[in-house]
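Please read the following walk through one protein chain with the structure open beside the text. The side-chain contacts are taken in turn.

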Amino acid sequence: MPPRKINLVEAADRKIEKVFDPHIAGDINDSQAKVAKFGKSFDWHAHEHEDEAFLVLRGKIAIDFRDGPVELGEGDFIVVPRGVEHRPRSLTEEPVVLMFEPATTLNTGNAKSDLTVTELKRL
């Protein structure tokens with residue numbers, strides 16, 4: 001059986017019902033590609049042992065860092081190195097973002113809150 005093809009934006013619109021609820025798009029060795037819709041503001045957090053990459057598929061987002069924000073539009077990509085405190089947020093209505101990170105990465109990193117997702121769904 002050939003690998004399954006997914007249109008990530010269409011799948012996000014069909015299956016993701018709330019913002020900051022990452023869904024697994026696929027497994028790559030010990031890492032995962034995860035898709036989420038972003039909302040107004042997320043928790044400040046860091047991932048002490050993992051780098052985290054973001055690719056904007058639709059809309060615009062900002063990732064706040066303690067020394068200022070970085071804005072990203074469709075097709076823009078950024079890697080947040082391990083240990084760097086950050087806070088993602090939307091700049092448009094429910095942007096869709098693809099994230100690459102180790103499978104064990106918790107979405108809120110070292111911060112625990114109502115936004116922490118411990119059991120991820122799959123697209």
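With which residue does D51 form a salt bridge? The partner is R82, and the closest N and O atoms are 3.2 Å apart. This is a predicted model, and the distances here are computed from it. D51 lies in the loop between β2 and β3, while R82 lies in the loop between β6 (77-80) and β7, so the pair ties together parts that are 31 residues apart in sequence. D51 is partly exposed, at 32% relative accessibility. R82 is partly exposed too, at 46%.

E50 lies in the loop between β2 (31-37) and β3 (52-58). E50 is buried yet has no salt bridge. For E50 the nearest side chain of opposite charge is R82, 7.9 Å away. A salt bridge requires a nitrogen-to-oxygen distance within 4 Å. Not counting residues up to four places away in sequence, E50 touches P81, R82, P102, T104 and T105. With 68% relative accessibility, T104 counts as exposed. T104 also lies 7.9 Å from S31, C-alpha to C-alpha, although the two are 73 residues apart in sequence.

The count of salt bridges comes to 10. One of them joins the side chains of K37 and D13, at 3.8 Å from N to O. This pair links distant parts of the chain, with K37 in strand β2 and D13 in helix α1, 24 residues apart. K37 is buried, at a relative accessible area of 6%, whereas D13 is partly exposed, at 41%. K37 also meets E94 in a salt bridge, at 3.7 Å from N to O. Because E94 sits in the loop between β7 (86-90) and β8 and K37 in strand β2, this pair ties together parts that are 57 residues apart in sequence. E94 is partly exposed, at 29% relative accessibility. Through shared partners, salt bridges join D13, K37, R58 and E94 into one network.

The aromatic side chains come next. There are three aromatic pairs. F20 and F38 form a tilted pair, with 5.4 Å from centre to centre and 35 degrees between the planes. F20 lies in the loop between α1 (8-15) and β1 (23-28) and F38 in the loop between β2 and β3, so this pair ties together parts that are 18 residues apart in sequence. Both F20 and F38 are buried. F38 also pairs with F54: the ring centres are 6.3 Å apart and the planes are at 80 degrees, so the pair is edge-to-face. As F54 is in strand β3 and F38 in the loop between β2 and β3, the pair ties together parts that are 16 residues apart in sequence. The relative accessible area is 3% for F38, which is buried, and 1% for F54, which is also buried. F20, F38, F42 and F54 form one aromatic cluster. Elsewhere, a ring meets a charge: the charged end of R66 sits over the ring of W44, 3.7 Å from its centre.

Last, the annotation. An unreviewed UniProt entry carries the annotation "domain: Cupin type-2" for residues 39-99. Over residues 39-99 the chain is 0% helix and 49% strand. The end C-alpha atoms of that stretch are 15 Å apart.

Definitions and conventions:
Residues numbered from 1 in each chain as written. Predicted model: local features only at pLDDT ≥ 70, side-chain atom pairs only at ≥ 80, totals over all residues. Heavy atoms only, no water. Helix = DSSP H or I, 4+ residues; strand = E, 2+ residues; numbered from the N terminus. Buried < 20%, exposed > 50% of the residue type's maximum accessible area, 1.4 Å probe, protein only. Lys, Arg positive; Asp, Glu negative; His and termini not counted. Contact = heavy atoms within 4.5 Å. UniProt positions renumbered as here; feature names shortened; annotations may be inferred. Phe/Tyr/Trp six-rings, centres within 6.5 Å; stacked < 30°, edge-to-face > 60°. Lys NZ or Arg CZ within 6 Å of the ring centre and 35° of its normal.
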